[in-house]
Every structure is written in structure tokens, then in C-alpha cells.
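Please open the structure in your viewer and keep the selection panel at hand.

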Amino acid sequence: MEIDAKLGLDVFKLDKEPHIVVKNEICSTVCVNRACLYVCPADLYELDDQHRIVVNWEGCLECGTCLICCDARALEWTYPRGEFGVQYRMS
Amino acid sequence: MEKVDCIVVGGGLAGLSAAYGLASAGLEVMVLERGDYAGAKNVTGGRLYVSPIRELYPELWAEAPFERAVAREWITMMGDGAHTTFEVAADRFAGETPQSYTVLRARLDQWLAEKAGEKGAMVVPKMKVDELLRREGRVIGIRAGDDEIGADVTVIAEGVLGLLASGAGLRAEPAERDHAVGFKEVIELPPATIEDRWHLNPGEGAAHLFMGAVTKGMLGGGFLYTNKESISLGLVVGMAALKQDPDQGKCFSLLDEFKEMPQIRPLVAGGTVAEYSAHAIAEGGIAQVPRLYGDGYVLAGDTAGLSLNALVTVRGMDFAIASGYHAAQAVLAAKKAGDCSAAGLAGYEQSLRQSFVLKDLETARHIPRIIENPRLFTHYPQAVSRLLESVFTIGPQPSRRLVKTLWRGVRKDFLNVATLKDAWQMRKL
């Protein structure tokens, strides 16, 4: 099952502003492993055509794995504002 | 600034358990929950062990919206080309007073929020706490957006990441060595199918853990819990192991590979995926439990690092509920004595030390470092399966005596320097 299809099953309430901001100036100078590209269970991180890291924060499951695994501290990461973000119906 | 007796940050099991106890005693309690409802941001595997907490709020559990009482424990060790499953059933697991139940958090937490509300607690959803307010080191309340609310005591039960608590220096930031990521699908299946597949009487449940090839040697494993009309199927992988090994591919795809394994496919066949979720898990044990109280605050549940992966038993929600209970008792005592400073709240940590929470974590002190051993997730599941495979194999050659077959397998896979060293380590389990 495609990850996008899985995320499509979840209820998300989208805020206007992202709750995760990638500081690419740190990614490109300090980071050696780019762990965010493979540790995210929602597969939200990818490289754009200029090899900058972008995060598709809209599908965030709010687990914090990327934050914990980012040695370079290149993520500005908060929870979405109240009532926004994923709303689990079961889990 | 508005002021209440007690603010609880987070409407999960720890926070709601604290709120229930505080409101029951007549205190003015406000629970701030960032989700649309309690449980909207929570994820469990999951199973709740009720035995340790049954006496804390004895009136509550009979009507709790549990899924199934766990009657059977299944463990599957997966090697390449062979796997071994143990199925353990004991009358007492799910007898008159079952020891554990499968649960889904959106249901369980909303119910506990209602119960706390009935006792008089104000449970406010859709409200994210942005900051702990402090004066001269003392926590004096919270800020949420433009609202500031004061409290004599703030119960910080914000979850495993502890962003507020670590931001205020009340605990360390979460470290990858001490954390795992769990991710799962809730897969709908008819109750009769669930009961057939796990050998259950109507209404009974099973917990099924998987070790070995499922995590490709990384610390962790698979889990499967039967709910009333669905199963929760997922994986837990240690973050340090996951990060170390980019060749293992993307983390999320492990779950799809797991579902495609020939041992798992028949278990999920015909099911409909209904939800996908993920959560971090603290697995560092007692060594990463911070100081649990200070001037004007206590830490509870995952924020306090109260969880325990002991390989075959995985716990956290019972610790959360118990820590909420003891937090409430300590706050009540502090309020009564008119001293909500660290000295007045010190009873919280003392009572947790006397309870199963910190006693069990202390007993398990060495487990987090023992389970870092990758052979637990590679060699042993393979070796057990290979040994049993040899016992059941009849080939064209004349057979050996059973004892000889067993001895050859044991000598080859279990009696070498590495495994003897492991055995020496495991005496601490």
C-alpha cells in the first residue's frame, strides 16, 4: 500500500503555516547522514531539484522521530496549533 | 491572570488520571488538550495491563471501553526460511479479572476525559500550551496563544517528546539512543475472523509479538493486537539503529514488507486498513527518568520517561495512569499543607518509588542496554527456528537420534563465545 494512500485514511486538519521548518543552511553544511529522508514513518521528507530538503508537513503524524534523529538540529519543530494536525479516530 | 488550583498539560492517560483524582477531591482542575478531543493525538500498540492499576481507581475499570481481554500471548521468532511461534494460554490471563486488555486510544482517552469531567474537571480540547510560565524558577502556570492561566501546581503530561518540559530545562531533550518509533495500521476484520485466527472464544483477545527478520536485525519487533473489530499491526524500531543503517531503506516500507511475509499475509488477509499512525516510545528505562517534581510542577506519564520494553511485555499506559494517580495524591497533600514548592511535592516521587512504577523500572534497569544486542534480533530467532526445523525434518539419509540432532544444533548455535557472553549479560534480565 502506498504511503500516500495510508495517510489518506487519516483525518488531518491543516493550518495555514507549517509546524516544521527545515533550516537548509544547516542541512547543507553540518548534516552528514540526512536521516530525515529515511526515518520518517510518513515519508514526508524529500529532496527538491536543487538538493534542498523539503518537508511535506501536511501529512505529519507528530511522532517526533525526525526531530530526535536530527543531530544537526536543523529542524524548527513544534506541534501544530491547537485543533490542527492529525486527529486519530482509533489508534 | 486567571488562576486555578491545578493545570494539567495534556489530556492523555497520565493527565486525565491526575485530573480525575484532583477533581474527585474537589480541586479546580483544567486539562488542556491540543487535539480535537482527548486521544486525538495518542497512539498505543496496544495493550493496557490493568492488574497493576486496578486498585487505584477501583470504580472506573468495570465500565471502561476496552477492546478485548487478552487471553492468549503469541510470540513468533522469525528467521530466514523458518519461523517458530509459541502460543501461551493461561486461565488467569482473561479469567474473572483479566490482567490486560487491548485498547484503542481515541476511545479510551475520550471516555476517561468524560469521567474526569463528571468529577468536575474542565477538559479543554483544541488548546495547545505554548509555554510554561515561570517566576524565579517556579512554574506558575501556562501560556496558550494569548491566554495566560496561573495554577498552584502544573501537572506536565504533554507526552513523550516533552517539548515544554525540556524547553524549560525540567528534563533532558529526548535522545535517539533511548527512543524507538512505533508505527501501525488499524486493520478492520470481522470479529469471528479474529477469533478463528487467534484461537479465541468470543470476546477474548490476543497479543502477538514478532522478533527477528521483521526488523532486519535492528532493535525492535513487530506487534499485533486484536481489537473488537480490527487488529492493530505495527512495528517498533529503535531510532539509533534505524538511523545508523540507511541501507535498510525507508522506515515506513518495513511495515509493508512485514505484511507481505508469508507468515503474516494469512493473518491480515481480507482486512481493510482504516488508519495509519506513528508515535515515539521512550525505551531508556529508569536511567532516563528525570527528576519528577519541582517548585510548582510534577512530570507524569511519557513526559517522565515512564515506559518499559521488556521484550515480551511492553508497558507504558499502566505507568501513565499510576503516575497520574500519585501526582494527584501528592498535589492534594501539598495543597492541604499549603506548600506547593518542590519540598511540598516531594511525596510524588516517594510514592512512585514505593509503587510498582519505579520499582518495576528499577528491576528492569539493565534491560535497555541488554536489548541493544543485535543478535537478539538476528541470530537467536534464526537459531531457535533452525534447531526446531532440524528436529522435524526427515530427509533421504538415515535419521539421527533426536538427542543427537538437538545437541548438534545447540552446540552449533548456542555454545560459542558470543552466545555464552550473551548468556552472561542476560543473567541481569
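The model is predicted: local features require pLDDT of at least 70 and side-chain atom pairs count only at pLDDT 80 or more, whereas totals for chains, interfaces and linings use all residues. Residues are numbered from 1 along each chain as its sequence is written, and chains are lettered from A and ligands numbered from 1 in the order in which they are written.

**Stop 1: chain A**

Select chain A and colour it by secondary structure. Four helices and six strands are present; helices (H or I, at least four residues) and strands (E, at least two) are DSSP runs numbered from the N terminus. Along the sequence they follow the pattern α-β-β-α-α-β-β-α-β-β. The radius of gyration of chain A, taken over C-alpha atoms, is 13 Å, close to the 12 Å that the globule rule (2.2 Å times the number of residues to the power 0.38) gives for 91 residues, so chain A is as compact as a globular protein of that length. Along the principal axes, its C-alpha atoms fill a box of roughly 40 × 30 × 25 Å.

Of the 91 residues of chain A, 43% are buried, that is, have 20 or more other C-beta atoms, placed from the backbone, within 10 Å of their own.

**Stop 2: the contact between chains A and B**

Next, select the residues of each chain in contact with the other (C-beta atoms, placed from the backbone, within 7 Å). Chain A contributes 30 residues and chain B 37 residues. On chain A, helix H1 (3–8), helix H3 (36–39) and helix H4 (65–69) each supply at least two residues.

**Stop 3: the largest nonpolar core**

Now select B:Ala19, B:Val155 and B:Val298, which have the most contacts inside the largest nonpolar core, a set of 160 residues. Such a core consists of buried Ala, Val, Leu, Ile, Met, Phe, Trp, Tyr and Cys residues joined through C-beta atoms within 7 Å. Helix H8 (residues 317–337) of chain B gives the most to this core, with 12 residues. Centre on B:Ala19: leaving aside residues up to four places away in sequence, it touches B:Val8, B:Val29, B:Val31, B:Ala116 and B:Ala121.

**Stop 4: the domains of chain B**

Finally, colour chain B by domain: domain 1 (2–65 + 103–172 + 290–354), domain 2 (177–282) and domain 3 (370–426), with bounds from an automatic or database domain assignment. The centres of domain 2 and domain 3 of chain B, taken over C-alpha atoms, are 26 Å apart. Six residues of domain 2 of chain B are in contact with seven residues of domain 3 of chain B.

Key
Contact = placed C-beta atoms within 7 Å. Buried ≥ 20, exposed ≤ 12 C-beta atoms within 10 Å, placed from the backbone.
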